[in-house]
Amino acid sequence: MNNNSHPNSPRTNGNTPSRDRTPSSNGLPVIQYSKPIRTMGERLASLVGASLTTVGDVIYVFGGFDQYSDEIYNKLYKLDYKNSCQWTQVIYTKGEPPEKRNDHSATLWNGDKLVIFGGNSEEDIHFNDIAVLDLNSMTWWHPKVNGYIPEGRIRHSASIYRDKLYIAGGINVGSTTRFADSLLILDLMSWEWEQPIPFISRAQHISFIYDSRLYIYGGLLEDMSRSNQLAFIDLNTTHHTSQIDITSPFVPSLSGQRFAQICGDQLVVLVTLPFREALMENPVTGVWALDLPSMQWKCKELGSRYESCSWHCFSMKENDSYFYLFGTNDDDEPDEFYAMVLRVELEELGIVAIPPPQLGNDLISMLINQHQNQATDFSIKSSKEPDSSPIFVHRLVLLARWPYFVNLMGSGMAESISNTMTISEPITTLKGFIRYLYTDTLDENDDTELIADLMVMAHIYLLPRLLALCVQKLFDTMDIESASKIYHSASLSEQRGLQQASLHYIFQHFGAISHTVGFRQLPRPILFQIWDDMPTNAAIVGQQIQQMQQSHNIDVAVKAHELRNKNKAELVKILDEQKQALANIRVQKVAGGKTQEIGEARKNVARVLTVINQTQREQLRLFYQKKAFTPLDLRVKKTRAMRRALTPFEKSKKTVRELKKLAHFPLRKYAVKA
């Protein structure tokens, strides 16, 4: 018998479903899915706004505030699901814990550290600090950060990728409350905040990393509506944001309470009944999965398993095989939001995180460990660097991947006998070429000059995939320093499209490119070719730039009182126009633009944003005017003491002892005779 099984759980063999064959099942396996069980130990009461982090079979809960007493905490709790399913407060920690907060984020780093960011304090101050908890030693520490220090945020999402913390979306509170429209990046090795990147506005959403992209899903839009839109930004370039709106009959319901997390190449979305909200029509509950390669929704499970309790919060580690739901049984403990727990195994629903292919990594490890591996039977040398060490390779791999090598070995030439081949390329280029033959991909760390040389080799040795990969990479990484090299290599490899694109780039930035080392090292025929392609009427313009500046001069300031009578569509249009004007002036500043014009343009953008935010808050206050619950950021601030003060009715209440005293010893009244 398994001693780790819970008495209230239907499972009897650990974490795997029961598949016992019974006569009534006609020989077919009967799967008993997991059911909610009751937690033991400490009571977390009506804790909301806390962070939940799954580490193996342990769930950590930090911070939050009590929904009824309005008290904010910085306590740390943990639940060991496998051993005891008991809540315990972690009291003995080293270091200074973070300040009391709610609506923050807690992200697992390297499997043994929690990184805390943001949140709201008792005084309604939004934090922008970083706190780290080492789960091995249970030690809190607060790193000293530098760089572009951001504003505080709440209700954001956080993800860690390659030792960088990405903060997406959320709500900022400065002079006005607004949805954050930038992506914050913190280098966890140097503790330096990088410059924020423009991103979409979203709150109370989920973010995850897939294929070197940061995705966000769900949450609330600026108009407080929900959407199934999926937005992402490429972390390798971080220049463009894309949004995908998938229409399908299998899309998850928007009316329910939704939780999501990534599992392999599938986005898992769970829909439960809204937590204690009255609805005209109950949503369809269950589990859905979005296949990210094909962008297709699939419904994995429907049923009453997610309707047996009022579920309050969700916890799942990225790419894990199970998730946890915490809630309450309204009949027994309606105010204990963590009294019930449900663990759902995703494998039961056919959702499995498939590891990425390892063939390329295994082959490249053979190449890297060539000195310890005696199976190498061929070597490649560089004629440009004869003193460098040869590259030892495997003949079988080259025969399978390189058609030129197959013809060379079958021709009976000297290379096939001496098992040595000499190529007139630098040794670094040869290493990059061999690495592609072993992995079928380009190394993300290869610089532009190496990619350009590999493109020429791909053209010479007729490798179309390598040629296409290099062309695509060079299009994405073209800049002032590399444009000359790309143009030269595109000319040698007969890539006319890339050649024209680089030529156009050179003409656009001719002044800066003409001073680069790469441009001055171009062969004379290539320089003549550039000059031959230059238009006959080309000229260095200076007066035209001044005229352009004058045409875009901003003399008229945007009036806030005139904006208040416009609708949201008109305000957004004006905002886009002002942002475009500001961008034009920033570009023109390089050629001598006036700083006062930039200041006025910034003020115009700020005025439009202020009117939009104020109008939105007024509409939200009207919407929540007759509601039972008003969001914290829309309530009257006052002070914490005033918010917790007794009402006149509460002040008039008297204890039983005081009532008896007044009854037996009433206040005596005397009449004074004149």
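For helices, an axis is a line fitted to the C-alpha atoms over the stretch in contact, and the angle between two axes runs from 0 to 180 degrees between their N-to-C directions. Keep that in mind for the first view, and remember throughout that this is a predicted model.

**Figure 1. Helices H6 and H7 cross with their axes within 9 Å of each other.** Two packed helices are described by the angle between their axes and the distance between the axes. Here, H6 covers residues 448–460 and H7 covers residues 464–477, and their axes cross at roughly 150 degrees. Angles over 145 degrees count as roughly antiparallel, so that is the label H6 and H7 get. The crossing of this pair is left-handed. Who does the touching? On the H6 side, look for Thr448, Ile451, Ala452, Leu454, Met455, Ala458 and His459. They meet Leu466, Leu467, Cys470, Val471, Lys473, Leu474 and Thr477 of H7. Sort the residues of this contact by type and you get ten nonpolar, three polar and one charged.

**Figure 2. Helix H8 is largely enclosed by the rest of the structure.** H8 runs through residues 483–492, and eight of its ten residues are buried. Which ones are they? The buried residues are Ala483, Ser484, Ile486, Tyr487, His488, Ser489, Ala490 and Ser491. And what covers them? The cover includes H6 and H7 from the previous view, along with H9 (496–508), H10 (510–513), H11 (517–520) and H12 (524–533). After H8 comes Glu494, which has a positive phi, near 60 degrees.

**Figure 3. Arg520 sits in helix H11.** Is this arginine buried or exposed? With a relative accessibility of 59%, Arg520 counts as exposed, because the cut-off for that word is over 50%. Now find Ser484, one of the buried residues of H8. Arg520 and Ser484 are 36 residues apart in sequence, while their C-alpha atoms are 8.9 Å apart in space. Setting aside neighbours within four places in sequence, Arg520 is in contact with Ser514 and His515.

**Figure 4. Strand S15 pairs with S14 and with S18.** Start with S14 (residues 157–160): four bridges join it to S15, and the two strands run antiparallel. For a pair to look at, find Ser157, which stands opposite Ala168 of S15. The hairpin made by S14 and S15 has three residues between the strands, and there Arg162 takes a positive phi near 55 degrees. Next, turn to S18 (residues 182–187), which pairs with S15 over four bridges, again in the antiparallel sense. In that pairing, Leu165 has Leu186 of S18 as its bridge partner.

**Figure 5. Four strands make up an open sheet.** What is the order of the strands? Reading across, it goes S9-S10-S11-S12, with antiparallel pairing. S9 (105–109) and S12 (139–141) stand at the edges with a single partner strand each, so one side of each has no neighbour in the sheet. From one strand to the next, the twist averages 25 degrees. To see a pairing up close, pick S9 and S10 (residues 113–117), which are linked in the antiparallel sense over five bridges. Within it, Ala106 has Ile116 in S10 as its bridge partner.

Technical notes:
Residues numbered from 1 in each chain as written. Predicted model: local features only at pLDDT ≥ 70, side-chain atom pairs only at ≥ 80, totals over all residues. Heavy atoms only, no water. Pairing = 2+ DSSP bridges. Parallel < 35°, antiparallel > 145°, perpendicular 65-115°, else oblique. Left-handed = near helix turned anticlockwise from the far one by under 90°. Contact = heavy atoms within 4.5 Å. Nonpolar A, V, L, I, M, F, W, Y, C, P; charged D, E, K, R; others polar. Buried < 20%, exposed > 50% of the residue type's maximum accessible area, 1.4 Å probe, protein only.
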